Amino acid sequence: MVTGASNRRGSSSTGCLLTLLLFSAALYYGINIGEVYWRFYQYQDEMRSQARLAPSLADGVIRRRLLLTVDRLGLPAEAQQIHIQRTASPRQITIESEYAEEVSLPLFKHTFHFRPHAVEGL
């Protein structure tokens, strides 16, 4: 009877360790992949902010501000290719870019493609 009790305690510890290992792995992968998306959302948010301010800003000023954001966020060089277009009918501004980021983790390697953009009326 004593032997059965000790076996149960060992399996309980193994189950707890396995659960902790799986949770840690999910957290590690989630943080590394989430960071890529977080930078994308920050870049797109800055584009939207600049689009809202566009009636009072020149395209060159908008471009410089977005280039500073690319540098601050540590985005790839291709994110610096920013397209700004103002149209007369309808009166609006479109700001867009395109870039890719590669995430290399144990047992996982993927390239994420992003197309941040903002459209705002003038």
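Predicted model: local features only at pLDDT ≥ 70, side-chain atom pairs only at ≥ 80, totals over all residues.
Q: How many helices and strands does the protein chain have, and in what order do the elements run?

A: Helices (H or I, at least four residues) and strands (E, at least two) are DSSP runs, numbered from the N terminus. The protein chain has 2 helices and 5 strands, and from the N terminus the elements run α-α-β-β-β-β-β. The radius of gyration of the protein chain is 24 Å, well over the 14 Å given by the globule rule for 122 residues, so the chain is more spread out than a compact globule. That radius is taken over C-alpha atoms, and the rule is 2.2 Å times the number of residues to the power 0.38. Along its principal axes, the C-alpha trace spans about 85 × 25 × 20 Å.

Q: What percentage of the residues in the protein chain is buried?

A: Buried means under 20% relative accessible area, exposed over 50%, and partly exposed in between (1.4 Å probe, protein chains only). Of the 122 residues in the protein chain, 26% are buried.

Q: Which residues have the most contacts inside the largest nonpolar core?

A: In soluble globular proteins, nonpolar side chains tend to be buried together. A nonpolar core is a set of buried Ala, Val, Leu, Ile, Met, Phe, Trp, Tyr and Cys residues joined through side-chain atoms within 4.5 Å. The largest one here has 23 residues, and those with the most contacts inside it are Tyr 43, Ile 62, Leu 66, Leu 75, Ile 93, Ile 95 and Tyr 99. At least two residues of this core come from each of α1 (2–53), α2 (59–73), β2 (92–96), β3 and β4 (108–114). The largest share, 5 residues, is supplied by α1.

Q: Which residues does Ile 95 touch?

A: Contact means heavy atoms within 4.5 Å. Not counting residues up to four places away in sequence, Ile 95 touches several residues, among them Met 47, Ile 62, Leu 66, Ile 84 and Pro 116. Thr 94 has its place in strand β2 and counts as buried at 17% relative accessibility. With the residues up to four places away again not counted, Thr 94 touches His 83, Ile 84, Gln 85, Ala 118 and Val 119.

Q: Where does Leu 105 lie, and is this residue buried or exposed?

A: Leu 105 lies in strand β3 (residues 99–105) and is buried, with a relative accessible area of 10%. Leaving aside neighbours within four places in sequence, Leu 105 is in contact with Tyr 28, Tyr 29, Asn 32 and Ile 33. The C-alpha atoms of Leu 105 and Ala 25 are separated by 11 Å, although these residues are 80 residues apart along the chain.

Q: Which residues does the cis peptide bond join?

A: The cis peptide bond joins Ser 89 and Pro 90, with omega about -5 degrees. Pro 90 lies in the loop between β1 (83–87) and β2.

Q: What is phi of Leu 107, and is Leu 107 buried or exposed?

A: Phi of Leu 107 is near 65 degrees, a positive value in a residue other than glycine. Leu 107 has its place in the loop between β3 and β4 and counts as exposed at 91% relative accessibility.

Notes: Residues numbered from 1 in each chain as written. Heavy atoms only, no water.
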